[in-house]
Amino acid sequence: MTNGSNDIVQKFNGLALGEKIILIASPLFFIDGFLPWFDYDFAGGPSRSAWSGDFSFLSILAVFASISMVAQIVVARFTSVQLPALPQGFTWARVHLGLAAYVAFAVVIRLLLGESAGPFDADMAFGLRIAGI
């Protein structure tokens, strides 16, 4: 291992558990956003991902929220950039908790409300099942 990569590993090991979870789970959630979340019953019907379909704005915002959490952690912990101070009473842990709660809310809403396509019903596909884990 080179000295630079060893430094990154040491910085990663020094992160809080929540930050480690975010750095691992958020990229996986981003990839999951491209997998099929809903499949239609009729042959050859289109599948819908997090980026398309009913209430997709909820899941699109959830993906962007998870990306913003990763960006904040990387900038704050792995670079020398000094982020502006948060308002009194706010910490980055609380901001991340709020964003993570929104991500969970958006996935549950997509899960509960499903997808409608006129006379055709959509079944939950494996992408949404993975997102709901």
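What span should the 22 residues of helix α4 have at 1.5 Å a residue, and how far apart are its end C-alpha atoms?

## Helix α4

In this predicted model, helix α4 covers residues 92–113 and should span 32 Å. Its end C-alpha atoms lie 31 Å apart, which agrees with that expectation.

Let's look around the helix. His96, Val103, Ala106, Val107, Ile109 and Arg110 of α4 are buried. These residues are on the same side of α4, because they cover an arc of only 160° around the axis. On the other side, Ala93, Arg94, Leu97 and Leu112 are exposed.

## Packing of α3 against α4

Two packed helices are described by the angle between their axes and by the distance between those axes. For α3 (residues 56–78) and α4, the angle is about 155° and the axes are 9 Å apart. An angle over 145 degrees counts as roughly antiparallel, so α3 is described that way relative to α4. The crossing of the two helices is left-handed.

On the α3 side, the contact includes Phe57, Leu61, Ala65, Met69 and Ile73. From α4, the contributors include Trp92, His96, Val103, Ala106, Ile109 and Arg110.

## Serine 26 in α2

Where does serine 26 sit? Serine 26 belongs to helix α2, residues 17–32. With a relative accessible area of 8%, serine 26 is buried, because buried means under 20%. Leaving out residues up to four places away in sequence, serine 26 touches Ile21, Ser66 and Val70.

Key: Residues are numbered from 1 along each chain as its sequence is written. This is a predicted model: local features need pLDDT of at least 70, side-chain atom pairs count only at pLDDT 80 or more; totals for chains, interfaces and linings use all residues. Side-chain values use heavy atoms; hydrogens and water are left out. Helices (H or I, at least four residues) and strands (E, at least two) are DSSP runs, numbered from the N terminus. The expected span of a helix is 1.5 Å times one less than its number of residues. Buried means under 20% relative accessible area, exposed over 50%, partly exposed in between (1.4 Å probe, protein chains only). The arc is that of the directions from the helix axis to the C-beta atoms. Axes are lines fitted to C-alpha atoms, for helices over the stretch in contact, and angles run from 0 to 180 degrees between N-to-C directions. Angles under 35 degrees count as roughly parallel, over 145 as roughly antiparallel, 65 to 115 as roughly perpendicular and the rest as oblique. A crossing is left-handed if the near helix is turned anticlockwise from the far one by less than a right angle, and right-handed if clockwise. Contact means heavy atoms within 4.5 Å.
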